[in-house]
Amino acid sequence: MASKIPTNAMSLKRFLLRQEVIRLYRDVFKVIQSVEDPSQKQDLASWTREEFKRNKQQQDEATIKVLVMQGRQTLHEMQQAVDMAR
């Protein structure tokens, strides 16, 4: 009897890591929405999209985890800068 799981289905670990990347992307855009200057907001959004697109093809889980940690650190710094600007 053949397995009903598709051969290209991702593992649970990969799925959870993907969800973490998506959560980071959304969190970054929530911070960007709080930026008041429209040109800065546009620049930050473009930069964020480019960074995520540039790393989209990463397959190594350790590399992805490092990128997520770096992204969280950048998000924290961005949040602090936005809070100070208010």
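Modeller: This is a predicted model. One feature of its surface is a nonpolar patch of about 410 Å², made by Met-10, Leu-12, Phe-15 and Leu-16.

Biologist: What makes Leu-12 count as exposed?

Modeller: Exposed means over 50% relative accessible area. Leu-12, which is placed in helix 1, has 61% relative accessibility and therefore counts as exposed.

Biologist: Why is the contact of Arg-72 and Asp-27 called a salt bridge?

Modeller: The rule asks for a side-chain nitrogen of Lys or Arg within 4 Å of a carboxyl oxygen of Asp or Glu. The N to O distance for Arg-72 and Asp-27 is 2.9 Å, so the pair meets the rule. Arg-72, at 28% relative accessibility, is partly exposed, and so is Asp-27, at 21%.

Biologist: How many salt bridges does this rule give?

Modeller: The count comes to three. One of them joins Arg-54 and Glu-51, with the closest N and O atoms 2.6 Å apart. These two residues are three apart in helix 2, so about one helical turn separates them. Arg-54 is exposed at 56%, whereas Glu-51 is partly exposed at 26%.

Biologist: What N to O distance goes with the salt bridge of Asp-83 and Arg-86?

Modeller: The distance is 4.0 Å. Asp-83 is partly exposed, with a relative accessible area of 40%, and Arg-86 is exposed at 60%.

Biologist: Which pocket has Arg-86 in its lining?

Modeller: Arg-86 lines the second largest pocket, together with residues including Ser-34, Leu-44 and Val-82. The volume of this pocket is about 150 Å³, and helix 3 gives the largest share of its lining, three residues.

Biologist: What is known of the largest pocket?

Modeller: The largest pocket holds about 810 Å³ of space. Among its 28 lining residues, Val-21, Phe-52, Asn-55, Lys-56 and Ile-64 are the closest to its centre. Helix 1, helix 2 and helix 3 each give two or more residues to the lining, which divides into 14 nonpolar, seven polar and seven charged residues.

Conventions:
Residues are numbered from 1 along each chain as its sequence is written. This is a predicted model: local features need pLDDT of at least 70, side-chain atom pairs count only at pLDDT 80 or more; totals for chains, interfaces and linings use all residues. Side-chain values use heavy atoms; hydrogens and water are left out. On a 1 Å grid over the protein atoms alone, a cavity is a set of points where a 1.4 Å probe fits but cannot get out, and a pocket is an open set with protein on both sides within 12 Å along at least five of seven lines; lining residues have an atom within 4 Å of a point. Grid points are joined across faces, edges and corners, and a volume is the space filled by probe spheres set on the points. Helices (H or I, at least four residues) and strands (E, at least two) are DSSP runs, numbered from the N terminus. Ala, Val, Leu, Ile, Met, Phe, Trp, Tyr, Cys and Pro count as nonpolar, Asp, Glu, Lys and Arg as charged, and the others, Gly among them, as polar. Patches are made of residues with over 30% relative accessible area and no salt bridge: like charges are joined within 9 Å, nonpolar side chains (Val, Leu, Ile, Met, Phe, Trp, Tyr) within 5 Å. Accessible areas come from the Shrake-Rupley method with a 1.4 Å probe; for residues, only the protein chains shown count as cover. Buried means under 20% relative accessible area, exposed over 50%, partly exposed in between (1.4 Å probe, protein chains only).
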